[in-house]
Amino acid sequence: MKVIDGHCDVLLKMYENPAIDFFDPHVNALDVSYAKMVQGGVKLQFFAIYLPERITQPQFDHYLEYINIFYQKLMRDPRMRQVKKRADLEAALTGNQTGAMLTLEGADALQGNPLYLRTLYHLGVRMIGTTWNYANWAADGVLEPRQGGFTRRGKTFIKDCNDLGMLLDASHLSEAAFWDLAGASAKPFVATHSNARAVCGHPRNLNDGQIRELIRRDGRIGVTFVPWFVQQGGLASMDGVLKHVEHICSLGGSGQLVLGSDFDGIDQWIPGLEHAGKIPLLTEALLRRFPEELVRGFMYRNWFTFLHRHLPVH
């Protein structure tokens with residue numbers, strides 16, 4: 001079965017270690033490599049630009065370094081196709097190439113500059129998560145002690161993204177910032193890698209009100225394989241992932257539920273979900289509990305319909 005995965009941190013690992021070869025069939029340093037994507041049926045992978053915490057003063061040039069890695073080390077290969085517009089999406093899902101979409105996790109270095117935002121768009125970035133876990137000029141992240149929302153400049157940024165066609169990701173936002181985004185965005189938004197807090201109480205997970213809002217707006221909710229977002233205490237399992245799927249579906253979210261693995265952003269793995277090549281094991285587990293049409297939605301079609309509606313035509 002085809003798969004679309006809404007979040008990974010491959011570019012971070014390749015930034016930290018330039019010797020990593022994405023196309024080496026035996027590469028062990030990556031959870032998501034070309035070979036593992038093919039093995040797992042991953043037809044489109046979102047690749048996040050995420051700056052490590054040790055970079056205490058992020059600059060726009062840091063984003064450009066990641067984008068250069070993406071083009072020089074991933075997109076140089078004709079087996080890959082960058083997804084920037086609707087036709088790219090269709091081609092990646094139906095053809096022989098493997099799709100890749102650039103995203104940004106943490107807009108710290110944009111500093112509210114509309115030129116920087118447009119430049120990222122021109123370079124192929126199609127989605128932005130405004131914060132990581134802490135505060136920046138635009139909003140508070142989920143672990144920021146004051147738990148504030150979006151700033152005045154941050155709300156202008158939401159409108160700029162809407163006008164440009166840049167998709168917005170609510171994963172990592174504080175709850176107040178989530179609701180500010182819901183109030184300020186004229187377009188649906190997503191949470192690329194966040195589970196259900198009712199199942200696992202981690203603060204990075206979404207409460208039922210947030211999940212219902214994403215469903216109401218026809219956004220997307222990316223079930224993630226981060227063990228401590230799946231289960232607190234004890235060993236996270238494939239069954240634990242299914243509990244999050246079942247809970248989101250119980251709220252009416254079967255058409256909005258997608259995948260957002262967070263592969264390469266974790267150093268512990270759920271048994272059976274250690275890398276992208278193992279995703280068919282999750283598909284099999286889902287098929288034992290859900291009709292095939294629903295599972296196709298979870299694995300790729302729900303992401304496909306959202307992106308097909310919101311990516312630019314030209």
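## Pockets, cavities and selected contacts

The largest pocket has a volume of about 290 Å³. Fifteen residues line this pocket, and those closest to its centre are L51, I55, P58, D108 and W132. Sorted by class, the lining of the largest pocket holds nine nonpolar, three polar and three charged residues. The model described here is a predicted one.

A second largest pocket has a volume of about 240 Å³. Its lining is made up of 17 residues, and nearest the centre of this second largest pocket lie D9, W132, H172, D262 and G265. The class counts for this lining are seven nonpolar, six polar and four charged residues. W132 is named among the residues closest to the centre of the largest pocket, and W132 is also named among those nearest the centre of the second largest pocket.

The largest cavity has a volume of about 80 Å³. Of the 15 residues that line the largest cavity, A170, L173, R204, L206 and Q210 lie nearest its centre. By class, the lining of the largest cavity divides into six nonpolar, six polar and three charged residues.

The second largest cavity holds about 70 Å³ of space. The residues that line the second largest cavity are G6, H7, F46, T103, L104, E105, M127, I128, G129, D169, T192 and H193. Two strands, β4 (98-105) and β5 (125-129), are the elements that give two or more residues to this lining. In the second largest cavity the lining has four nonpolar, six polar and two charged residues.

The table sets out the volumes and the lining classes together.

| Space | Volume | Lining by class |
|---|---|---|
| Largest pocket | about 290 Å³ | nine nonpolar, three polar, three charged residues |
| Second largest pocket | about 240 Å³ | seven nonpolar, six polar, four charged residues |
| Largest cavity | about 80 Å³ | six nonpolar, six polar, three charged residues |
| Second largest cavity | about 70 Å³ | four nonpolar, six polar, two charged residues |

The next topic is a pair of helices. The axes of helix α3 (residues 60-74) and helix α5 (residues 114-122) come within 12 Å and cross at roughly 0°. Angles under 35 degrees count as roughly parallel, and α3 and α5 are therefore roughly parallel to each other. On the α3 side the contact involves F60, Y63 and I67, which meet Y116, T119 and L120 in α5. By class, this contact of α3 with α5 has five nonpolar residues, one polar residue and no charged residues.

Salt bridges come next. The count in this model comes to 17 salt bridges. One of them joins R216 and E213, with the closest N and O atoms 2.9 Å apart. Both R216 and E213 lie in helix α8 (residues 208-216), where they are three residues apart, about one turn of the helix.

Q232 is placed in the loop between α9 (227-230) and α10 (238-250). Leaving aside residues up to four places away in sequence, Q232 touches C200, G201 and H202. From Q232 to A186 the separation is 46 residues in sequence and 35 Å in space, C-alpha to C-alpha.

Notes:
Residues are numbered from 1 along each chain as its sequence is written. This is a predicted model: local features need pLDDT of at least 70, side-chain atom pairs count only at pLDDT 80 or more; totals for chains, interfaces and linings use all residues. Side-chain values use heavy atoms; hydrogens and water are left out. On a 1 Å grid over the protein atoms alone, a cavity is a set of points where a 1.4 Å probe fits but cannot get out, and a pocket is an open set with protein on both sides within 12 Å along at least five of seven lines; lining residues have an atom within 4 Å of a point. Grid points are joined across faces, edges and corners, and a volume is the space filled by probe spheres set on the points. Ala, Val, Leu, Ile, Met, Phe, Trp, Tyr, Cys and Pro count as nonpolar, Asp, Glu, Lys and Arg as charged, and the others, Gly among them, as polar. Helices (H or I, at least four residues) and strands (E, at least two) are DSSP runs, numbered from the N terminus. Axes are lines fitted to C-alpha atoms, for helices over the stretch in contact, and angles run from 0 to 180 degrees between N-to-C directions. Angles under 35 degrees count as roughly parallel, over 145 as roughly antiparallel, 65 to 115 as roughly perpendicular and the rest as oblique. Contact means heavy atoms within 4.5 Å. A salt bridge is a side-chain nitrogen of Lys or Arg within 4 Å of a carboxyl oxygen of Asp or Glu.
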